[in-house]
Amino acid sequence: MEIVIAHKSHSKYAHVICDTIADAAKVRGTGIAKRTPEYVTTKMENGNAVIALDNGKFAGFCYIEKWGHGKFVANSGLIVHPDYRNLGLAKQIKERIFLLSKEKFPDAKIFSITTGLAVMKMNSDLGYKPVTFSELTDDQQFWNGCQTCKNYDILQRTEQKMCLCTGMIYDPSKKTTKEKKPIKKSVFNRLKQIKQTLILKKDQNEQ
């Protein structure tokens, strides 16, 4: 297995990457911003993606998006092919794209929005902290990308202040030498439940 920075020659995997992302979203029943093969190919050509290959077979992928004139970057589209799941590959890809983000955009805040508890845990291990949406990029193009998500109506009703996703940020200006305490998935699960309850109450009050 090799995890490398993707380039133009890897564009032949763009279709299977997009199909794998879409299929995973259907299985999980979660919202997702759709990606096109053309968009994924551009990320590869710009050196803003990593791909995992097993003797030439697609195994996993993730890419970098730049927002707010480079003040923020996001690691998006993290996916592992079904044949390679539960092997720790997602964590390896996440770590590699995180390092690439810091190399290419050393002063940028790296952020993530996700409903996945496993991704929240991986983010936490890398130094991300949960934040409100107001602390994320105000680049409207980013939020427009949520329009294809099935939960987009929630984002609209809350005026982009809250959704089922949890926002997390790694801020390079706030590095700490203190020993990090691992955060259990149960903590993020509780955070997700609280958020869902708040959204439900808001909907009920508006009826």
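**Contacts, Rings and Core of a Predicted Model**

Colleague: Among contacts in the protein with a separation of 6 or more, what share comes from residues 24 or more positions apart?

Modeller: The model is predicted: local features need pLDDT of at least 70, side-chain atom pairs count only at pLDDT 80 or more, and totals for chains, interfaces and linings use all residues. Residues are numbered from 1 along each chain as its sequence is written, and side-chain values use heavy atoms, with hydrogens and water left out. A contact means heavy atoms within 4.5 Å. For contacts in the protein with a separation of 6 or more, the share held by residues 24 or more positions apart is 70%.

Colleague: In what order do the elements run from the N terminus?

Modeller: Helices (H or I, at least four residues) and strands (E, at least two) are DSSP runs, numbered from the N terminus. The protein has 7 helices and 7 strands. From the N terminus on, their order is β-α-α-β-β-β-α-β-α-β-α-α-β-α.

Colleague: What is the angle between the planes of Y39 and Y63?

Modeller: Rings of Phe, Tyr and Trp (its six-membered ring) pair if their centres lie within 6.5 Å; planes under 30 degrees apart count as stacked, over 60 as edge-to-face and the rest as tilted. The whole structure holds 9 aromatic pairs. Y39 and Y63 form an edge-to-face pair, 5.7 Å centre to centre, with an angle between the planes of 80°.

Colleague: Is Y63 buried or exposed?

Modeller: Buried means under 20% relative accessible area, exposed over 50%, and partly exposed in between (1.4 Å probe, protein chains only). Y39 has 32% relative accessibility and is therefore partly exposed. Y63 has 1% relative accessibility, so Y63 counts as buried.

Colleague: How many residues apart in sequence are the parts tied together by F98 and Y128?

Modeller: F98 and Y128 form a tilted aromatic pair, 5.8 Å centre to centre and 40° between the planes. F98 lies in helix α3 (residues 89–104), whereas Y128 lies in the loop between α4 (117–126) and β6 (129–131), so the separation in sequence is 30 residues.
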